[in-house]
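Subject: Structure for your review

Dear colleague,

Please find the structure below, together with its sequence.

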Amino acid sequence: MQLMINGKAETLAEDKVSVAELLALKQVESPDMVSVQLNGRIVARQAYTEQALAEGDEVEFLYFMGGGARG
Amino acid sequence: MKGFATRAVHGTFSGKDPNGALRMPVYDGVAFEHENSASLAQTFAGRKPAYVYTRLANPTVQDFEQRLQSLSGGLAVLALSSGMAAISNTIMTLAEAGANIVTTRKLFGNTLSLLSKTFQPWGLSVRYVSMLDTCALEQAIDNGTRAVFLESISNPQLEVADCAKIAAITAKHGVPLVVDNTLLTPYLFDSKKAGVNIEVLSTTKYISGGATSVGGAIIDNGNFDWRRSPKLAGAAERFGSMAFMASLRQEVFRNFGACLAPHNAYLQSLGLETLSLRVDRSCDNALALARFLAEHPQVAAVNYPGLPEAGSHAVAKQQFGASFGGLLTFDLADEEVCYAFMDALRVIRRATNLNDNKSLILHPWSTIYAEYSPEERLAAGVRPSMLRLSVGIEDWDDLVEDLERGFNHHD
């Protein structure tokens with residue numbers, strides 16, 4: 001599957017990946033502090049497991065430095 | 001870790017310090033180097049969790065923010081240089097020229113001044129109602145209202161509004177409820193549970209651990225749909241529940257630069273560790289002194305939400321439980337007697353801070369409200385005969401002995 005991750009085209013071997021799986025797969029730093037933006041919109045934290053990614057999706061891992069976004 | 005004291009002591013620092021430090025060290029520097037330009041660019045784009053400049057974020061400050069977030073249960077916390085910075089940054093993030101804020105005159109004098117003298121000339125309209133009159137409050141809210149602002153216990157009037165009742169009204173109208181919880185802190189009052197959306201704090205007070213440093217904090221409780229805020233609807237499309245914090249961090253806070261100094265963050269993290277112990281002691285002392293003062297023949301009136309006879313007691317008990325903070329006021333015969341009383345004290349200090357470890361006394365009429373006309377002071381609930389006593393953590397009998405010294409000043 002082809003995704004645009006943080007502005008870079010990347011190919012994943014997997015066909016089906018959730019946001020939570022992508023965070024683990026990409027070994028995203030401080031996963032408890034990251035906000036995930038999918039095609040321009042932030043994904044609710046509680047939806048990370050169900051939210052599936054599709055071919056061509058644009059994913060951004062964003063950080064609001066400082067305490068927060070752990071809920 | 002469920003208990004407040006356990007979380008306060010252990011914090012959120014993972015202990016991954018290169019030298020195994022148990023406590024987050026003080027990163028008392030300004031800039032953070034990156035190994036290459038791409039890393040710097042990724043960090044500026046928000047794609048990498050790293051530090052660049054202390055005005056924006058700093059590890060020691062962030063540790064304090066995360067401790068406070070863990071203790072409050074909020075979605076996100078921002079630490080600032082003072083409580084006034086917390087209030088001004090919050091209002092600037094929520095409102096714009098032409099909009100209005102609904103509040104009360106029963107506020108800390110500087111907050112009243114910020115709203116009426118600083119923001120109003122920039123085009124923000126300020127509507128004053130009694131927070132005890134929820135019908136008037138609801139009538140004051142319209143499409144231009146960007147926030148309702150009040151204090152959980154107002155300083156120095158010690159008025160206690162029913163936050164849950166007010167939160168139901170603000171939620172109905174899609175307006176965020178902002179509460180200054182300085183006099184109670186998240187330890188005594190869970191603002192999120194009451195439906196408050198944004199909590200602001202002067203961390204200088206109880207949290208700093210004995211007036212060690214000036215600081216403030218903004219807590220987003222994560223319970224407001226920012227798509228309902230005309231100012232933040234655009235940010236909500238992109239940032240969802242983080243819209244307020246994203247706008248705050250990436251615009252208002254960054255541009256105004258009211259950041260908390262790393263050393264102050266360190267001192268305030270130390271303060272957080274003993275917060276519950278100190279607050280419990282201060283509240284016990286305050287209740288005991290309020291009872292003592294209430295029975296004293298020279299005292300015309302005592303105001304402390306913990307006294308059953310106080311007008312605020314029923315709401316305060318329902319909202320805060322068994323502790324009512326460390327601040328009380330009492331009235332003597334007149335201003336002259338107040339001055340003589342204060343000047344005779346030896347343990348209780350004459351100073352303008354509150355919720356220090358030391359007990360502090362102040363004559364609000366001639367100090368924190370001196371910039372207002374007598375009529376305005378009276379409208380704000382401040383009288384020439386009133387003294388404000390912030391009760392510390394000393395031994396109770398030493399404080400009583402000192403008050404007796406004040407009453408006997410003419411001997």
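Helices and strands are DSSP runs, numbered from the N terminus; a strand has at least two residues and a helix at least four. The model is a predicted one.

Backbone geometry

On that basis, N355(B) falls in the loop between β10 (349-350) and β11 (360-362) of chain B. Its phi is near 55 degrees, a positive value in a residue that is not glycine. N355(B) counts as buried because it has 27 C-beta neighbours inside 10 Å, where 20 or more are required.

N39(A) belongs to the loop between β3 (34-38) and β4 (41-42) of chain A. With 13 C-beta neighbours inside 10 Å, N39(A) is classed as partly exposed. For context, most residues other than glycine have a negative phi, and most peptide bonds are trans.

A cis peptide bond is present between N155(B) and P156(B), with omega at about 5 degrees. P156(B) lies in the loop that runs between β4 (145-151) and α7 (163-173) of chain B.

Helix α7 of chain B

The buried residues in α7(B) are C163(B), I166(B), A167(B) and T170(B). They lie on the same side of α7(B), because they cover an arc of only 105 degrees around the axis. An α-helix has 3.6 residues a turn, so residues three or four places apart point the same way. The packing partners of the buried residues of α7(B) are α6 (134-140), β4, β5 (177-180) and α13 (313-320) of chain B. Just after α7(B) comes G174(B), with a positive phi of about 65 degrees.

The nonpolar core

The largest nonpolar core has 130 residues, of which A217(B) and L328(B) touch the most other members. Helix α12 (residues 275-294) of chain B supplies the largest share of this core, 8 residues. Domain 1 (4-272) and domain 2 (276-407) of chain B each contribute at least three residues to this core.

Leaving aside neighbours within four places in sequence, the contacts of L328(B) include A286(B), L289(B) and A290(B). V302(B), N303(B), Y304(B), L389(B) and V391(B) are also in contact with L328(B).

The sheet of chain B

An open sheet of 5 strands in chain B has the order β8-β9-β12-β11-β10, and its pairing is mixed. Its edge strands are β8 (301-303) and β10 of chain B, each of which pairs on one side only. Within the sheet, β9 (residues 327-331) and β12 (residues 386-390) of chain B pair in the antiparallel sense over 5 bridges. L328(B) has L389(B) in β12(B) as its bridge partner. Helix α12(B) packs on the sheet and touches β8, β9 and β12 of chain B; the direction of α12(B) makes about 10 degrees with that of β9(B).

Contacts between the chains

Between the two chains, 25 residues of chain B are in contact with 21 residues of chain A. On the side of chain B that touches chain A, the elements giving two or more residues are α3 (59-72), β1 (76-80), α9 (233-239) and α10 (243-256) of chain B. The largest share of that side, 5 residues, comes from α3(B).

Yours sincerely

Notes
Residues are numbered from 1 along each chain as its sequence is written. Chains are lettered from A and ligands numbered from 1 in the order in which they are written. This is a predicted model: local features need pLDDT of at least 70, side-chain atom pairs count only at pLDDT 80 or more; totals for chains, interfaces and linings use all residues. A residue is buried if 20 or more other C-beta atoms lie within 10 Å of its own, exposed if 12 or fewer, and partly exposed in between; C-beta atoms are placed from the backbone. The arc is that of the directions from the helix axis to the C-beta atoms. Two residues are in contact if their C-beta atoms, placed from the backbone, lie within 7 Å. A nonpolar core is a set of buried Ala, Val, Leu, Ile, Met, Phe, Trp, Tyr and Cys residues joined through C-beta atoms within 7 Å. Domain bounds come from an automatic or database domain assignment. Two strands pair if DSSP finds at least two bridges between them. Axes are lines fitted to C-alpha atoms, for helices over the stretch in contact, and angles run from 0 to 180 degrees between N-to-C directions.
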